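These are my notebook entries on a structure that I had not looked at before.

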Amino acid sequence: MEETLLRLEAEALAAIAAATDLASLEEVRIKLVGKKGAVTLGLPNMRDVPADQKRLVGQLANRLRQGVEEALSSRRLAFEATAREAARAATSLDLSLPGRVPTPGRRHPLTLVLHELVDIFAGFGFQVVDGPEVELSYYNFTALAIPEDHPARDDRDSFYINQDVVLRTETSAVQVRYMETHEPPVRIIAPGRVYRRDAVDSTHSHTFHQVEGLLVDRGVSFADLKGILYALARGLFGEGVIARFTPDYFPFTEPSAQMGIWRGPNGICTDPKDPAGRWLEILGCGMVDPQVLANVGYDSEEYTGFAFGVGLERLAILKYGIDDIRLFFENDLRFSGQF
Ligand code: DAH
């Protein structure tokens, strides 16, 4: 009897120790102390034990029952603690991990220059307006007095959607649209994309940006135009900028001019004698042709106006010393990250 109890105890404790998780421990528990468990059935009925053995067998039986219960419960607690620890590790934060560095976006150099330009013209009371990029050829050419046989109208120079619709080749198209629906005085700038059928190289792009300016009022003169555009040049490039006006021709202005900025290898050049200096034409301009005013029903005896169209890429080239227009459109982060 004594031996049987000792063997049962050893087997029971070994089985408990062999359990690998809560589920297998539960199976072991049922096999040992369940209703038909080995320990349950193996405990002696004390009435059957001879009197001289009662004390020893009693002690062994108690030790077996208690030992198995304790072993079961401490093993269960250990498994539960491990499970809790695993669950915690799966959901908790590792505060020692290095953080993710945020990568904020930057403004594109064209946007930066445009914002400066808009600020300057806002100071002169100009309002920013918008126009369609897919434009009627009427607004892009006809209303601007561009003759039917003008080379700009050629489908080798412009992207036509059909005979009457074209991707606008100049923001000047906004001029007539705006004047048709507004009475003078007019003070607007109209920034936007324009399209020309140019082969792409370091100075040409089929898509680029212009900002159109238009001012119509009583008594507007060419001197006003020059004053505003000099102020633009100084505002963007600083007091030392060197600018010039040279005569030009546009069908919708008379007289017409272009404005050039004296540039060096890395942007504007402030030394008029610098042998490395060159002129870069940044805009076309002029006094609005009375015919264009008449086209929109303005009284060209009472009102005069000036207009200009400036190339945004050229402003950015001067401002940041960029030497290839393709860089503006490639979205290479090594370029855009520099501004
Ligand atoms: N639209 C002309 C171009 O793209 C630029 C221009 C010239 C705009 C004279 C004007 C202007 O408003 O008056 O080359």
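Entry 1: I began with Ala145, which is partly exposed because its relative accessibility is 31%, and a residue counts as buried under 20% and as exposed over 50%. I keep in mind throughout that this is a predicted model. I found Ala145 in the loop between helix H6 (137-140) and strand S3 (160-162), and I noted that its phi is positive, about 60°, although Ala145 is not a glycine. I wrote this down because most residues other than glycine have a negative phi.

I then looked up Asn331, another residue other than glycine with a positive phi, here near 55°. Asn331 sits in the loop between helix H10 (312-320) and helix H11 (333-336). Is Asn331 buried or exposed? With a relative accessible area of 59%, Asn331 is exposed.

**Entry 2: cis peptide bonds.** I looked at these next because most peptide bonds are trans. The bond that joins Pro184 and Pro185 is cis, with omega about 5°, and I placed Pro185 in the loop between helix H7 (173-181) and strand S5 (186-195). The peptide bond from Glu254 to Pro255 is cis as well, with omega near -5°, and Pro255 belongs to strand S8 (residues 253-264).

**Entry 3: Thr253.** I stayed with strand S8, where Thr253 is also found. Thr253 has a relative accessible area of 3%, so I count Thr253 as buried. The side chains of Thr253 and Ser256 are joined by a polar contact of 2.6 Å. Leaving aside residues up to four places away in sequence, I listed Cys285, Gly286, Met287, Val288 and Asp289 as the residues that Thr253 touches.

**Entry 4: helix H1.** For helix H1 (residues 2-18) I checked the length: its 17 residues, at 1.5 Å a residue, should span 24 Å, and the end C-alpha atoms are 25 Å apart, which agrees. Which residues of H1 are buried? I found Leu5, Leu8, Glu9, Ala12 and Ile16. Seen down the axis of H1, these buried residues fall within an arc of 100°, so they line one face of the helix. An α-helix has 3.6 residues a turn, so residues three or four places apart point the same way. On the other side of H1, I noted that Glu3, Arg7, Ala17 and Ala18 are exposed. The cover over the buried residues of H1 includes helix H2 (22-33), helix H3 (38-42) and helix H4 (54-91).

**Entry 5: helix H4.** I repeated the length check on H4, whose 38 residues should span 56 Å at 1.5 Å a residue; the end C-alpha atoms are 55 Å apart, which agrees. Its buried residues are Val57, Gly58, Leu60, Ala61, Leu64, Val68, Ala71, Leu72 and Phe79, and what covers them includes H1, H2 and H3. I also looked up Ala87, which is found in helix H4 and is partly exposed, with a relative accessible area of 44%. Between the C-alpha atoms of Ala87 and Ala10 I noted 34 Å in space, for 77 residues in sequence.

**Entry 6: the ligand.** How many residues surround the ligand? I noted 15, of which the closest are Glu170, Ser172, Arg196, Gln210 and Glu212. Glu170 has a polar side-chain atom 2.6 Å from a nitrogen atom of the ligand, while a polar side-chain atom of Ser172 lies 3.0 Å from a nitrogen atom of the ligand. A polar backbone atom of Phe308 is 3.3 Å from an oxygen atom of the ligand. On its own the ligand has 350 Å² of accessible area, and the protein covers 91% of it.

**Entry 7: Phe121.** Phe121 belongs to helix H5 (residues 109-123) and is buried, its relative accessible area being 0%. Last, I noted that Phe121 and Cys269 are 148 residues apart in sequence, and that their C-alpha atoms are 24 Å apart in space.

Conventions:
Residues numbered from 1 in each chain as written. Predicted model: local features only at pLDDT ≥ 70, side-chain atom pairs only at ≥ 80, totals over all residues. Heavy atoms only, no water. Helix = DSSP H or I, 4+ residues; strand = E, 2+ residues; numbered from the N terminus. Expected span 1.5 Å × (residues − 1). Buried < 20%, exposed > 50% of the residue type's maximum accessible area, 1.4 Å probe, protein only. Arc of directions from axis to C-beta. Contact = heavy atoms within 4.5 Å. Near = heavy atom within 4 Å. Polar contact = N/O pair within 3.5 Å; in protein donor to acceptor, adjacent residues only side chain to side chain. Areas by Shrake-Rupley, 256 points an atom, 1.4 Å probe, with all protein chains shown as cover.
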